[in-house]
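Student: I am new to this structure and would like to understand the terms used for it. Could we look at it together and set each term against its definition?

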Amino acid sequence: MAEVKNSAPARGGGWTRFVTARPRLSLLVALVISGLAVLAGGGVADRMGSGGWEDPDAESTYATKVLEREFPASQPNLLLLVEAPKGRVDDPAVAAEARRLTERLDAEPGVSGIGSYWGTGAPALRSEDGRQAVIAARVEGDEKAAGEILERIAPEYRGTHGPVEVSVGGPLAVQHEMQTVIQEDLLRAEMIALPVTLVLLVMVFGSAVAALLPLGIGIVAILGTNAVLRGLTEFTDVSVFAQNLTTALGLGLAIDYALFVVRRFREELAGGADTRTAIGTTLRTAGRTVLFSALTVAVSLAAMLVFPQYFLRSFAYAGIAVVLLAAAAALILLPAALMLLGDRVNALDLRRLFRRRRAGAEPATTGEAGAGWARAAGLVMRRAPVFAVATATGLVLLGLPFLGVNFGTVDDRQLPTTAESRVVQDELRESFPGSPGGGLTVLAEGGATPDEYAGYRDRIQGLDGIARVDGPVTRDGGASGVAAGGEGHAYFTVVPEGEGVGATAQSVVGELRAAPAPFDTSVTGAAAVLVDSKDAIADRLPWALAIIVVVTLLLVFLLTGSVVIPIQAVVLNALSLTAMFGAVVWVFQDGHLSGLLGFTPTGDIETNLPVLMFCVAFGLSMDYGVFLLSRIKEEYDETGDHDHAVRFGLRHTGGLITAAAVILAVVMVAIGTSRVTNTKMLGLGVALAVLMDAMVVRSLLVPSVMKLTGRLTWWAPGPLRRFHDRFGISEGGAPAPGPAPSPVPAAERDKESVGG
């Protein structure tokens, strides 16, 4: 059916005049700004951190900071694993070299709290076979300062020293190596994603010129976001993981928006419009859709700002910046480029090489290209109850594994097995007694008598789930607990039964915090950090969900004028994420496919990851939802025929949405090739969610549900309808005053349903 517009093209629209008045100047300014962004964003990864998983206001965080200050040796973040390849660690020559290394490390600026097996004789610092032992130290300063010290001293200790071999490990080395691996993996992902994306864009557009436009917009968005993140590092902590989202969304969303704009521009040119008129119509229709889409995605990502962990907040910073920059580039730079190109946007049509091989074959028209989607929509709508129930049931079943999720913390097993710091931690787990990293520390403040300390130790020793209590350790080395400054500080080490962050250890955290004491106590340790992180997320999650749902409902209402469609959009988007969450647990927690994908399953999922993946995937789902709904709404305003509008919308956007989803999935899979497990989980999980949304939810669930709700789909109460008439915006703009649109003729409906 020929596409009919309800109003004359807005050649002289203000925005059209603005973006097309001086296109060469606009592109030149963009080129200069991009060059400045390269300079401003250079070295941004070196200023980022690899932590941010914990709540900065939690009890465990407070206790850790006090212990670092008062008892540096209690919180070592640097471990030197000393191995005697041809002897044992107690051999005189080995012991002498180890003591020399310990003294040398103690003299390093910025290093304190030195302890070693050769100085203390502690069995926990010696391997069970007697061939390895540990030197522990505290590198002072924040994450960045400590990392710089590590970079300076690590090469001096790593390697062979007389009769011993030294490897560098500990939490600080793990964080530093994780940061390095992420940077290397991101560069490799970009090298994979860019050429593959270009090939896919050529397949979608045919024209090499048209294919380069979305890629250019994506590069501008990525460079601009890196500059923004570089500026933010001057004021706040930013996670290095956020760079992965910058690349993924920078390419993915910029390509989505550019696809939508360029596709509509080419349709207008094919319909006989001149270049300026085609740009005006494109901005008035597809441009408004891009703006709404960018707002919905930005809102989903902005919801992460309510959480205290800077890991999550970093993704909000990066996500908001890259979404807004991608939309701005698509609505300012892209029209300027199209103004200069005009009909040449179709130049270098590489598909002609294939069409020439088909004797007598004619190029497919736009209508013929969407005929398959129209037929599919017709089939789904004729069997709407079957498709709706079957699809929804299947999605729910795919999400069932998530009911068995276990939440945990990040550790060295995120790294590949060959990473030096991972090798050190593996040796500690497998060859040393005890549970390295699994203990809890109780900080005691306020001072106490030896009898009070002993009474408290005996009291907590009797709690369920505790294997051993050591201490107290005081500032003066005795039991009085009175520090030189007059304020008493001491700490106890508590070893829980079972795994260091297992259910028993988490239960022990609560018991220790509830236990009465004659002084102030604070509990820290891996299990305590996990408990506090889970509490922080549970406390803020309702607010984040409320922000996403309320703003999404409002934006979709402003787009459609319906109160039913926004509810459908939220529910169906949530359903589209079930497969992602189910797969995350089945694969990354339970370990299925771990050999194929190359990671070490730990039996849990890091607490922050599901929140991050939900916000990112929900926003991207809304991105595709807005594209589809806007075209359905535009046609419904033209014809007043609900069923025809749904078929029309799917016919004209189904291929586009699928192409955009495949391209974004390619980018996310490239991110998912990372050697860091959480980055792999994010990339592959979001790729699955995007494909499920585009190929299942938009193709099967949306048309079947909209068929079942019928004309009720467009209902809104009188006051809200009047509000939308005044303030609402749709892709086609406000309809001109006049009589209600007439339904499309039956003959045209039949023709549309079969794609003719």
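Student: Leaving aside its neighbours within four places in sequence, which residues is Leu-612 in contact with?

Tutor: Apart from neighbours within four places in sequence, Leu-612 is in contact with Met-304, Phe-311, Leu-312, Phe-315 and Leu-682, where contact means heavy atoms within 4.5 Å. This is a predicted model, in which local features need pLDDT of at least 70 and side-chain atom pairs count only at pLDDT 80 or more, while totals for chains, interfaces and linings use all residues. Residues are numbered from 1 along each chain as its sequence is written, and side-chain values use heavy atoms, with hydrogens and water left out.

Student: What makes a set of residues a nonpolar core, and which members touch the most others in the largest one?

Tutor: A nonpolar core is a set of buried Ala, Val, Leu, Ile, Met, Phe, Trp, Tyr and Cys residues joined through side-chain atoms within 4.5 Å. The largest has 153 residues, of which Phe-241, Tyr-257, Val-323, Leu-609 and Leu-612 touch the most other members. A second, separate core has 28 residues, including Val-89 and Ala-154.

Student: Why is Leu-664 called buried?

Tutor: Buried means under 20% relative accessible area, with exposed over 50% and partly exposed in between, using a 1.4 Å probe and protein chains only. Leu-664 has a relative accessible area of 0%, so it is buried. Leu-664 has its place in helix H24 (residues 642–671), and, leaving aside neighbours within four places in sequence, Leu-664 is in contact with residues including Ala-248 and Leu-620. Of the 756 residues of the protein chain, 54% count as buried.

Student: Why is the pair of Tyr-453 and Phe-519 called tilted?

Tutor: Rings of Phe, Tyr and Trp (its six-membered ring) pair if their centres lie within 6.5 Å, and planes under 30 degrees apart count as stacked, over 60 as edge-to-face and the rest as tilted. By this rule there are 17 aromatic pairs. In the pair of Tyr-453 and Phe-519 the ring centres are 5.4 Å apart and the planes stand at 45°, so this pair is tilted. Tyr-453 lies in helix H17 (residues 450–461) and Phe-519 in the loop between helix H18 (503–514) and strand E10 (520–525), so the pair ties together parts that are 66 residues apart in sequence. Tyr-453 is buried, with a relative accessible area of 1%, and Phe-519 also counts as buried, at 8% relative accessibility.

Student: How do you know that Arg-104 lies over the face of Tyr-157?

Tutor: A charge sits over a ring if NZ of Lys or CZ of Arg is within 6 Å of the ring centre and within 35 degrees of the ring normal. Arg-104 lies at 4.7 Å from the ring centre of Tyr-157, and it counts as lying over the face of that ring.

Student: What is the order of the strands in the open sheet, and why is one side of E2 and of E4 left without a neighbour?

Tutor: The 5 strands come in the order E2-E3-E1-E5-E4, with antiparallel pairing. Strand E2 (111–116) and strand E4 (159–161) stand at the edges with a single partner strand each, so one side of each has no neighbour in the sheet. Strands (E, at least two residues) and helices (H or I, at least four) are DSSP runs numbered from the N terminus, and two strands pair if DSSP finds at least two bridges between them. E4 and strand E5 (residues 164–169) have 3 bridges, and they pair in the antiparallel sense.
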